[in-house]
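Hi,

Here is the structure I promised to pass on. Have a look at it first, and then read my notes below.

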Amino acid sequence: MNLHENSPIRVHDLVKVYRGKSRNPVKALDGLNMEVARGEIFGLLGRNGAGKTTLLRVLSTLIEPTSGTAEVCGRNVVKEPYRVRQSICAVLQENAVEVFLSVLDNLSTYGRFHSIPRRQIRERAESVMAQFGLEEYRHQKVIDLSGGLKRRVQVAKVFMVDKPVVFLDEATTGMDPVNKRATLDAIREHARQGRTILLTTHILQEAEELCDRIAIVDQGRCLVTGDLAMIKSMATRAYDINVTFERMRPEILETASRYPLLKLRSTSTTLEMSVRGSEVSTFALLDALSHVEPIVHFEVTSASLEDVFLELLGTSGKEGRAGEKS
Amino acid sequence: MKMILAVMYREYRIRTTSLTWLFYDMFMPLTYLLIFGIGFESAFAGGVAVAGDRMGYNAFFLAGVLSMASFGIAINTAYGFFVDRDNGIFYEFLTYPMTRSEFLVGKILFNSLLALVQAAITITLGAVLLGLALRWDLIGLVAFGQVLGTAGWFFFLTTFAIRIRRNDMFNTFLNVAYFVLMFGSSMFYPVESLPRWLQAVSFVNPLTWHTDVLRYATIGAGAAEVVALEGVAFLCFLAVSFALAVQTIRNPLRA
């Protein structure tokens, strides 16, 4: 099996400097490295201007990198842009629809561009219109639709075709919760069929729910890459443990303080603690506390992706670029 | 070829969403000939001279109307980049599985077909309504000139439409280009009757080359060797414009 069959997206030491007309060139990508495995949903997270969209533009052959290499399905984006385009479809950040055409015509023309046999175009268009709740708008011109509906048309298009790699740049922006759910389901379904999906989003909950692996990007570099559990484990505050007793006794606090806790606070009946998973066994702690006083209720909450995100980017923002970890 | 046909299909779908616009587009050159041409035919009752031959103004102006129509279609098609950019679809297009050349050629092939229909309407009804004596044996050359002319101007304007990101700036550029190219050419008057400095402008103006070829093909006016040379010059202009347009669209974000 070729390398690209395992990793359809491979980026090595990618640099993109925007020179433009201004005196100060902007380094949008600064030695970025990453690989995305086949059938994986890979999320790129980062603040505005972190380099996510630039990376998608390079990978979709809209711009050329300043240096480094990027390959899609084993094809170099600079040397073989046409071949790369044959294996991708993309939802770009901007709304991209044929406003003068109807919803159905938008889907039909997209199908033609992606070489779907003519007799299958209608069938596939019907299928995605049903999936994205567009059936009642099929003959309506897109110019008359709301922003959210336009976005739906744009996203629905990419699920008409069977390209091995899909780029989604903030695909669910402007969608209502129901259609957002339909989009996430479609993404998952297509990944299950073996399509590789690279997406950017600002909605961390969405990334948490959807992505197999995540990269947090800042100032054109990957600060961290890994699966959700691995990334969450990087948070300083790894777990919150809240334990409720019938009554709070001093021995409870005494027992808890024997453990290396990051936070310890008590109310009249509840003990609030934060622990780092690698340093304290949650079960051992609960067991010790239950021997002091019967536990009425307990809750263990792991750190959210948002915690890690804010922690990593908060630091890199204040103290300059953080080291690359993966 | 599949991709070129897909681009043509897309252009066709968009054009046919407004039949009024399409109708106006098709009959505009004839209207120009009927109003402007007849007005000037009356004003220059003695006709105009080209390479020593005298002819009526309408016969002279027919080629001007055809080249103006080509130029107009090229402007509309190039302006389409702004519309596509505003709708976000332009950049998405460039991620589709086609080469940049296929994209440009598909766009212009469809619009050249429109130019051909325009020319057919203008020539046929012009001949019937105004009694123009035409060189029907050279009608193939008219078609050829109309397609290549539209393509040449489209490729020329594409480079500017993609480089100039601002709609208002492109409008200004078009106004200046339209004014200088049209009035500094043989479109409205014979070059021989112009002052020397304007003749010099006209001789290096591709719109003159295009119009002269069409004039020769419609009414046989002009010296064949000069027109042939102008035809070759226009083909060079087309080739250079195409290369520049493809080069420009390879880096559409100017990044």
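Predicted model: local features only at pLDDT ≥ 70, side-chain atom pairs only at ≥ 80, totals over all residues.

Let's start with a quick one: does Gly147(A) count as buried, partly exposed or exposed? With a relative accessibility of 45%, Gly147(A) counts as partly exposed. You'll find Gly147(A) in helix 6 of chain A, which covers residues 147–158.

Now chain A as a whole. It has 12 helices and 14 strands, and its C-alpha trace spans about 75 × 50 × 45 Å along the principal axes. Of its 326 residues, 51% are buried. If you take the contacts in chain A with a separation of 6 or more, 70% of them are between residues 24 or more positions apart.

Among the buried ones are Lys52(A), Thr53(A) and Leu56(A). Just after this helix, Thr61(A) takes a positive phi of about 70°.

Next, charges. Side chains of opposite charge can pair when their charged atoms come close. Over all chains there are 28 salt bridges. Here are a few to click on:

- Arg138(A) and Glu126(A) meet at 2.6 Å, N to O. Arg138(A) is in the loop between helix 5 and helix 6 of chain A and Glu126(A) is in helix 5, so the pair ties together parts 12 residues apart in sequence. Arg138(A) is buried at 18% relative accessibility, while Glu126(A) is partly exposed at 23%.
- Glu189(A) and Arg192(A) have their closest N and O atoms 3.1 Å apart. They sit three residues apart in helix 7 of chain A, which means about one helical turn separates them. Arg192(A) counts as exposed, at 62%.
- Arg249(A) and Glu293(A) also form a salt bridge, at 3.1 Å, N to O. Each lies in a loop of chain A, and the pair ties together parts that are 44 residues apart in sequence. Glu293(A) is buried, at 6% relative accessibility.

There is a network as well: salt bridges with shared partners join Glu98(A), Arg10(B), Glu11(B), Asp84(B) and Lys107(B).

So what about a charged residue without a partner? Glu102(B), in helix 5 of chain B, is buried yet has no salt bridge. The nearest side chain of opposite charge is Arg85(A), 7.2 Å away; a salt bridge needs the atoms within 4 Å. The Glu102(B) side chain does reach the backbone nitrogen of Thr99(B), at 2.9 Å. Its contacts include Tyr82(A) and Met1(B).

One last stop is Ser274(A), in strand 13 of chain A. Ser274(A) is buried, with a relative accessible area of 3%, and its side chain makes a polar contact of 2.8 Å with that of Asp240(A).

How values were computed
Residues numbered from 1 in each chain as written. Chains lettered and ligands numbered in written order. Heavy atoms only, no water. Helix = DSSP H or I, 4+ residues; strand = E, 2+ residues; numbered from the N terminus. Buried < 20%, exposed > 50% of the residue type's maximum accessible area, 1.4 Å probe, protein only. Lys, Arg positive; Asp, Glu negative; His and termini not counted. Polar contact = N/O pair within 3.5 Å; in protein donor to acceptor, adjacent residues only side chain to side chain. Contact = heavy atoms within 4.5 Å. Lists of a residue's contacts leave out its neighbours within four places in sequence.
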